[in-house]
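Please look over the sequence and the structure below before reading on.

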Amino acid sequence: QVQLVESGGGSVQPGGSLRLSCVASGTISAIYTMGWYRQVPGKRELVATITDGGATNYADAVKGRFTITRDNARNTIYLQMTRLEPEDTAVYYCNGDRVRLTDGRLGKNYWGQGTRVTVSS
């Protein structure tokens, strides 16, 4: 019903930049909140979220370095990552929460399959 596909991961040196994208498709009427999470050993942690109204929330570790943006018409979000650090190395997952489906139901929480980011010299 709903698919989220991430792209843009890769390898970069410390201090470098990457831009991640996530496109949501399927029987979607609206997605209230979309966001990025990352998997590090032992846990999946919040990176940033953005509502359909544009309100954003960031983890303290990425504030001032990462920027989340959204294109509601395309059900797409982006994560511009700058001044990357080795500690940012992780698999980054896109999330869609409170998804209104075309049949009117409120769908469950959805996840993409992840894109790997490696920061290393």
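Which residue in S6 does Thr 49 stand opposite? Thr 49 stands opposite Asn 57 in S6. This is a predicted model, in which local features need pLDDT of at least 70 and side-chain atom pairs count only at pLDDT 80 or more, while totals for chains, interfaces and linings use all residues. Residues are numbered from 1 along each chain as its sequence is written, and side-chain values use heavy atoms, with hydrogens and water left out.

The chain has 0 helices and 12 strands, where helices (H or I, at least four residues) and strands (E, at least two) are DSSP runs numbered from the N terminus. For its 121 residues, a compact globule would have a radius of gyration near 14 Å, and the chain agrees with this because its own value is 14 Å; the radius is taken over C-alpha atoms, and the globule rule is 2.2 Å times the number of residues to the power 0.38. Along the principal axes, the C-alpha atoms fill a box of roughly 50 × 25 × 25 Å.

S5 and S6 run antiparallel and are joined by 3 bridges, and they form a hairpin with 4 residues between them, where Gly 54 in the turn has a positive phi of about 95 degrees. S4 and S5 also run antiparallel, with 8 bridges joining them, and Val 40 has Lys 43 in S5 as its bridge partner. The hairpin made by S4 and S5 has 2 residues between the strands, and Gly 42 in its turn has a positive phi of about 95 degrees.

Elsewhere, 4 strands form an open sheet in the order S1-S3-S8-S7, with antiparallel pairing. S1 and S7 stand at the edges with a single partner strand each, so one side of each is left without a neighbour in the sheet. From one strand to the next the twist averages 15 degrees, where axes are lines fitted to C-alpha atoms (for helices over the stretch in contact) and angles run from 0 to 180 degrees between N-to-C directions. Within this sheet, S7 and S8 pair in the antiparallel sense over 6 bridges, and Ile 68 stands opposite Leu 79 in S8. In a regular strand the side chains alternate between the two faces of the sheet.

What lies in the interior? A nonpolar core is a set of buried Ala, Val, Leu, Ile, Met, Phe, Trp, Tyr and Cys residues joined through side-chain atoms within 4.5 Å, and the largest one here has 32 residues, of which Trp 36, Leu 79, Met 81 and Tyr 92 touch the most other members. Among the elements that give two or more residues to this core are S3, S5 and S9.

A disulfide is a covalent bond between the sulfur atoms of two cysteines, identified here as a pair of cysteine sulfur atoms within 2.5 Å. The count comes to 1 disulfide, which joins Cys 22 to Cys 94 with an S to S distance of 2.0 Å. This pair links distant parts of the chain, since Cys 22 is in strand S3 and Cys 94 is in strand S9, 72 residues apart. The torsion about the S-S bond of Cys 22 and Cys 94 is about -80 degrees, so the disulfide is left-handed, and both cysteines are buried.

Asp 88 meets Arg 38 in one of them (3.0 Å, N to O); because Asp 88 lies in the loop between S8 and S9 and Arg 38 in strand S4, the pair ties together parts that are 50 residues apart in sequence. Asp 88 also forms a salt bridge with Arg 65, the closest N and O atoms being 2.7 Å apart, and both Asp 88 and Arg 65 are buried. Arg 38, Lys 43, Glu 45, Arg 65, Glu 85 and Asp 88 are linked in a network of salt bridges.

Definitions and conventions:
Buried means under 20% relative accessible area, exposed over 50%, partly exposed in between (1.4 Å probe, protein chains only). Two strands pair if DSSP finds at least two bridges between them. A salt bridge is a side-chain nitrogen of Lys or Arg within 4 Å of a carboxyl oxygen of Asp or Glu.
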